[in-house]
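Please look through the model shown below before reading on. The report that comes after it is written for a reader who is new to this structure.

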Protein chains: 2
Amino acid sequence: MTATLKIFVDHLSQPARALSLLCRAINAPHHEKHIQLLKGKDASNARGKEAEVAVGGEHLRKPFTDINPFKKIPVVQDGDIVLLESCAGLRFIASKYDASGVWYPGKVEVRSKVDEYLDWQHLNTRAHGMGYFRNKVLMPSLKKCEPDMAVVREHEKELQRVERQFARYFLGPTPFITGDQVTIGDLLAACEFEQPLAGGYNLSPPIREFITRVKEKVGPDYDEVHTYMRQLAKKCLA
Amino acid sequence: MTATLKIFVDHLSQPARALSLLCRAINAPHHEKHIQLLKGKDASNARGKEAEVAVGGEHLRKPFTDINPFKKIPVVQDGDIVLLESCAGLRFIASKYDASGVWYPGKVEVRSKVDEYLDWQHLNTRAHGMGYFRNKVLMPSLKKCEPDMAVVREHEKELQRVERQFARYFLGPTPFITGDQVTIGDLLAACEFEQPLAGGYNLSPPIREFITRVKEKVGPDYDEVHTYMRQLAKKCLA
């Protein structure tokens with residue numbers, strides 16, 4: 001079967017990693033196209049104006065902007081279908097390519113709990129996981145300046161709330177969001193929590209244990225897909 | 001048929017109006033429970049400390065916080081299912097109660113374009129429609145102060161971008177997001193754009209025409225459900 005499915009990703013991005021891992025976990029025939037957010041530069045070595053430019057990667061230029069005029073990754077393309085939003089991409093790939101029906105369940109009552117997390121995370125896990133990493137790790141390294149610790153602490157405080165709400169409300173007593181089965185909601189959550197963790201944020205035990213459970217379901221690809229981001233964070237913080 | 005479906009709403013809220021209108025449009029047997037965000041106070045008449053308190057409505061207190069510990073409306077409840085996110089609620093109600101399959105199409109390729117809008121709107125239509133209304137209309141009226149016009153103008157600028165991107169990318173040459181059929185994506189978009197419009201924002205002709213098309217699909221309920229918010233905005237701005 002010739003793959004018609006393409007995903008445009010950079011493994012620095014949390015939802016991009018979730019898309020890569022989903023395709024691998026369900027053995028969806030696909031092409032992974034790498035769009036370098038940092039233009040392949042080592043962010044920790046960039047200087048001055050070069051550092052500013054380095055933030056403007058391949059996602060800001062043609063030919064990628066012909067695919068996504070909003071200049072963001074990840075993007076999912078499958079024949080005529082182009083999806084510029086990662087949650088829509090996760091839903092689409094799981095619906096079309098996951099024969100097991102596990103990752104995005106068909107039963108509306110179960111699926112709606114996955115949807116609830118995917119909707120909630122935009123202003124919660126994502127906003128503050130990204131905000132923390134960007135302000136604590138990435139921008140100080142690119143701009144060679146100290147992090148604005150007031151901003152970092154605000155994201156830390158919000159991340160603590162996010163962790164509590166995720167553990168209490170979304171997981172409750174079960175290993176994953178919908179119960180015993182891992183879904184695209186769990187996968188995206190784990191990929192998001194990995195970002196502040198790599199940036200030095202002290203994740204609580206329930207969330208660390210949750211990540212371990214997701215990792216076990218995904219297999220060795222999990223760490224492989226996270227390696228680039230973890231190494232970059234380490235260099236930036238050095 | 002006894003309705004098991006309950007929606008907890010205040011028609012001041014954009015996604016709450018979308019949920020009410022969806023239930024009515026598809027004749028879903030349901031109970032609409034009103035949770036007053038402004039505690040039934042006339043925001044334009046509240047003064048000083050009372051005005052501050054007025055912002056803390058029924059959504060912040062028991063018994064509602066037993067249903068939603070996140071203290072937000074709307075909420076969808078159907079038997080054992082509770083959904084605290086409005087997009088998940090719209091998907092659930094359309095999937096379960098819309099026999100026509102029009103509002104949230106089953107075909108994955110079509111549905112994914114609805115999902116793409118529902119995911120995109122969080123940080124776009126919603127963030128800036130709400131930001132504009134809150135900063136231009138609601139908070140100045142409740143706090144008896146002048147709006148911070150720098151903040152209002154920032155939301156205005158972003159709303160102009162949102163309008164362009166919605167018209168060009170999400171609609172393109174077709175009347176609705178997926179083509180000729182109205183969906184929950186269009187309904188939510190129209191309800192969001194109504195908010196800055198009521199607050200004095202000058203919506204562009206393509207978006208005004210889009211709203212008219214959604215209104216025609218929904219019928220007289222559309223204006224009825226929007227009346228409270230429009231009247232409140234008028235009073236606040238008087």
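The text below takes up the sheet, a helix pair and the contact between the chains, in that order.

This is a predicted model, in which local features need pLDDT of at least 70 and side-chain atom pairs count only at pLDDT 80 or more, while totals for chains, interfaces and linings use all residues. Residues are numbered from 1 along each chain as its sequence is written, and chains are lettered from A and ligands numbered from 1 in the order in which they are written.

In chain A, 4 strands form an open sheet of mixed pairing in the order 2-1-3-4, where strands are DSSP runs (E, at least two residues) and helices are DSSP runs (H or I, at least four), numbered from the N terminus, and two strands pair if DSSP finds at least two bridges between them. Strand 2 (30–34) and strand 4 of chain A are the edge strands, each pairing on one side only.

| Strands of chain A | Sense | Bridges |
|---|---|---|
| Strand 1 (residues 5–9) and strand 3 | antiparallel | 4 |
| Strand 3 and strand 4 | antiparallel | 3 |

Strand 3 and strand 4 of chain A form a hairpin with 2 residues between them, and Gly79(A) in the turn has a positive phi of about 60°. From strand 3 (residues 75–78) of chain A, Val75(A) and Gln77(A) point one way and Val76(A) and Asp78(A) the other way, and all are buried (20 or more other C-beta atoms within 10 Å of the residue's own, with C-beta atoms placed from the backbone).

Helix 1 (residues 14–25) and helix 8 (residues 184–198) of chain A pack with their axes 8 Å apart, at an angle of about 135°, the axes being lines fitted to C-alpha atoms over the stretch in contact and the angles running from 0 to 180 degrees between N-to-C directions.

The contact between the chains takes 21 residues from chain A and 21 residues from chain B, two residues being in contact if their C-beta atoms, placed from the backbone, lie within 7 Å. Strand 4 (81–83), helix 4 (86–97) and helix 5 (108–120) of chain A each supply at least two residues of the side of chain A that touches chain B, and helix 5 gives the largest share of that side, 7 residues.

Definitions and conventions
Buried ≥ 20, exposed ≤ 12 C-beta atoms within 10 Å, placed from the backbone.
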